Amino acid sequence: MRIIFAIYHSFDSQSAIHVFHLANELCRRGFECFVCVPSNTASVSHIGCPAFVPLTFDEALSPGSPLMQSHSQKTLIHAWTPRENVRIFTLRLAKLLRCPYVVHLEDNEETIAARQLGLSNAELLALSPEHLQHMIGPGLSHPIHSREFLEDAAGMTALIDRLLEFKPENIPGVVFWPACEDACFGPAPGKQPVSCLRRALELEDDVRLVVYPGNVHKVNFDEIFSLYLGIALVNRRGFPTRLVRIGTDFVSIAGDHFGELMDNVIELGYRPATEIPAYLAQADALVQPGGPDEYNDYRFPSKLTVFFAAGKPMLLPETNIGRYVTHEKEALVMKRGDALEIADHLVDIFQHPEKAASLGTNAREFAEKNFRWSRAASTVADFYAGILPGRFAARAGTSPSLEFCDDAFIKNTMARYAHADKIPASLSYATVEDYCDSWDHLNAFARHGDLKNVQRPWALKSILAAVPPGGRILEIGAGQPLVAAALARMGYDVTIVDPYDGTGNGPTQFEQYRAEFPEVRIIREFFQPEMPALADEKGTYDAIYSISVLEHVPLENLKSVFAAMGYYLKPDGYSLHAVDYIQKGNGDKWCRDMLLELCRLSDIAEDEMFGLLKKMGEDTETYYLSAEGHNSWRGGTPYGKFPMRVCVSLQLCTKMNKIMHHYIGGIESISREHIKGYCYDLGAPSDPVRLHLLCDSIEIGQIQANLESNNLLRLGIGNGKCGFHYRFKTELTPIDLSKIKIIPENGTESLDFIHSITNKEERKRLVYSPIDPDILKLASQCKNLLIVNHIPKTAGTSLRFAFENLFPIKQRLYHYFNIDVCSSEIWNWKFAKEPTMSFEDVVKFIIKDEIELIIGHFGPPEMNGFAEFFKIFSTAFSIAFIRNPRDAMCSLYSHARNYFGFTKSFAAYIEQPFIRNFQSKAFCGVPIDEMSFVGIADHYEKSMEALSGILGADLSVIKKNVNPKKAQAAYDYSQFADESVWKRFDELYQNDIDLYIKAKNRLFS
């Protein structure tokens, strides 16, 4: 019997230690064993010398793998946990070898996944499939997929009885305890030799040692903290004790949580498993922290077998293996497992040496009776033998049409073509060289007398190169499914969608092919999104291909076909198509249009397409349809009505992320409070589209377009359930509104204003044409112009009043847009009476009327941002004030709560993307060193004194728009948030902090 183990991590993991010894023991009993890991098979040396064959997942699935060689033994895959990387690998390998699998559980996988993600079990299970797919990584178990994985298993093994609660009723299961090798049974308790370990660690003779070999991760973080704290308590009670910690930290244990607790800990980091017994032999006590809960109740901590074998007094929680020992006989069993209980029991052991010795002796006897790999292997071997007779699936025989597709053909074909470096270009044409290669090695596919001589072999080769064995493949319009059936024989999961109604001169032999090719699932339908026969298969296919099909699809329908491919393909799936292309002759213009559409839908540039057509016409290697092939196409049609054409095979191979999503939608209305519209995906009309709401290219929210509207339904827009209505978290300014964009999740183009011409025209007013060089030259004559960038909450209002005392109204121009109380009459009149006025007109107006002061809230470049004024009026004197970033944020937050109805916390407010680094953004990319003057709001008098000296004018120190409670006193930051939030603020607002430091240095230098 051949057993293939699959582990979720390399041989450095505790799980791998179990598999290593179990596999070695099975090999001694005559089993042929392989152990597959994601990577780093060399790490097996950290455990010992394997009697099995170690392989990486990629090595196991490769055509040259020893697993792929012909064999007569029954094969079983033992998946060590249902974690995603193991599940995916196991399903691919089981499909390839046509063998069953069993699943091993050693933990409550749902609890581990939930804690790693910072969720409760209930919160994890409440997540949508889309969220789960995004959040569950390869090293965690997917709560839905893992259950399906178990349902289809031949059986289940478990380390502890409680894990059988996860076993489906229809499959058998067995519990076996892990064990430890003979080397772990060191000298009898009380007879261990004194080691140089204590001397190496410079420990005094009266210092006790507690040894803990185990990693730290999110799931057991609190338990390790309790252990460290318990050791500290023991020391405080007058028993000098050190914790020797062996293992890897997958989360940090430094800082505030542990602090001085680390003084009692000796961190040794990772050590090979073979070294652990030597450390345990020097321990005065061993502790397994923790207590009964949804994590510990369902596990058998790997270290406990060697704890028992070491013959040392132990502390165990009253759960998992602790339920099988007697308190104060084989171990001290803890009710809670917290720091206080750990400390109490350790002091008890240290104070009573006779009790400690008795506990160690009894623990050793318990291990000798229960923890032997020979016992575990016997249990597992009997289980294998019991399930295989009824579960073993022999290889299916070959159908008559594929008699050539035997084991030798499969092995040779995969060895020759299943290499990622053979994936074809995004756009290519068939060549004689490729045809000859197919004639030599894939002759059964290359002898049909037309373009399929090259198209069928190309499709087979391309899929073998692009998709590993076991992948899911879908063929559109297969006709006689020779390629599909061959792929199924090679271990792929293949589905065909074909109406079999004669469309495009296609076949109609549905029943014949279904009976002749049982390896393939055939669905008799036109290919489209959301087919009932493919329910729940969205985003599950590794590749979708077609052979001489797309050229028969009307141009107006190609968009729907590609939309369906986008619906069913995985995010990294392949779209592969061989099409008949008329290079010259009747129909060549239509073929050119068809190719343009195919390239557009596949995101292939026109230049690339025309370049390839030119190369194809000049290449002597181009494979053309023969006269014989054309004659077979002609059938009974007179030659005069079906004359010879120059035909070639063009081939497209693109990834799913290159396939265009076809979103229909737009923005119906927008205001400072909300935005409204609709959007749906042509490829998935009933699937809600997720929209990303951006302000100045920074995401400020996400929207689900899933609202039902009778109006949308009446107009035939989607399914009528694709509307959206989003209320902004804070009221936006007119400047912010101009920067709003909505982009579908998988799209590149933002939604336009579909029904609101007013809004569309309003946007046009905010976009100005390129600046004429003559205008720039004219603007350079402005020698006395001051441009003041009034950044909100930075003493800008006080500065404006000070400048108004110096400049008459006719020489002032404000740039506050729609804030009427601050906008000048000239500016309002110009833009109210002449809404089509260009930016150049404004510049001419400034020059003509000899404006000497421009002050206001400058927006980004597309709204006459500060950088634009700075560039045009390069000789102007540029001024801005900034403020201590913390003070500015306190003021902004208070303003938002008092005037804009913001009700959330300060911590939530600082996280808003459009608020972050708002002072830096106001400079629109202009370096502070290029500014004429930058003042500091919290040093206002000093700044005004310096500015007056530079300008040669007495600028009055006027304070306007100042909170009277804040006039003198500094903000009490603790009233807004605790220090952890301010620490987060410092991380998010580093640009503003750097800007403030530079400005302060300039002012006081």
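The structure is a predicted model. Its mean pLDDT is 82, and 85% of the residues reach 70 or more.

**Confidence**

- An open sheet is formed by three strands, in the order S24-S23-S26, with antiparallel pairing.
- The edges are taken by strand S24 (698–705) and strand S26 (740–744). Each of these has a single partner strand, so one side of each is left without a neighbour in the sheet.
- From one strand to the next, the twist averages 25 degrees.
- Five bridges join S23 (residues 689–695) to S26, and the two strands pair in the antiparallel sense.
- Opposite leucine 693 stands isoleucine 742, a residue of S26.

**Aspartate 437**

- Helix H16, which spans residues 432–441, contains aspartate 437.
- Aspartate 437 has a relative accessible area of 18%. Buried means under 20%, so aspartate 437 counts as buried.
- Leaving out residues up to four places away in sequence, aspartate 437 touches Arg416, Tyr417, Leu442 and Lys461.

Key
Residues are numbered from 1 along each chain as its sequence is written. This is a predicted model: local features need pLDDT of at least 70, side-chain atom pairs count only at pLDDT 80 or more; totals for chains, interfaces and linings use all residues. Side-chain values use heavy atoms; hydrogens and water are left out. Helices (H or I, at least four residues) and strands (E, at least two) are DSSP runs, numbered from the N terminus. Buried means under 20% relative accessible area, exposed over 50%, partly exposed in between (1.4 Å probe, protein chains only). Contact means heavy atoms within 4.5 Å. Two strands pair if DSSP finds at least two bridges between them. Axes are lines fitted to C-alpha atoms, for helices over the stretch in contact, and angles run from 0 to 180 degrees between N-to-C directions. pLDDT is the predictor's confidence in each residue, from 0 to 100.
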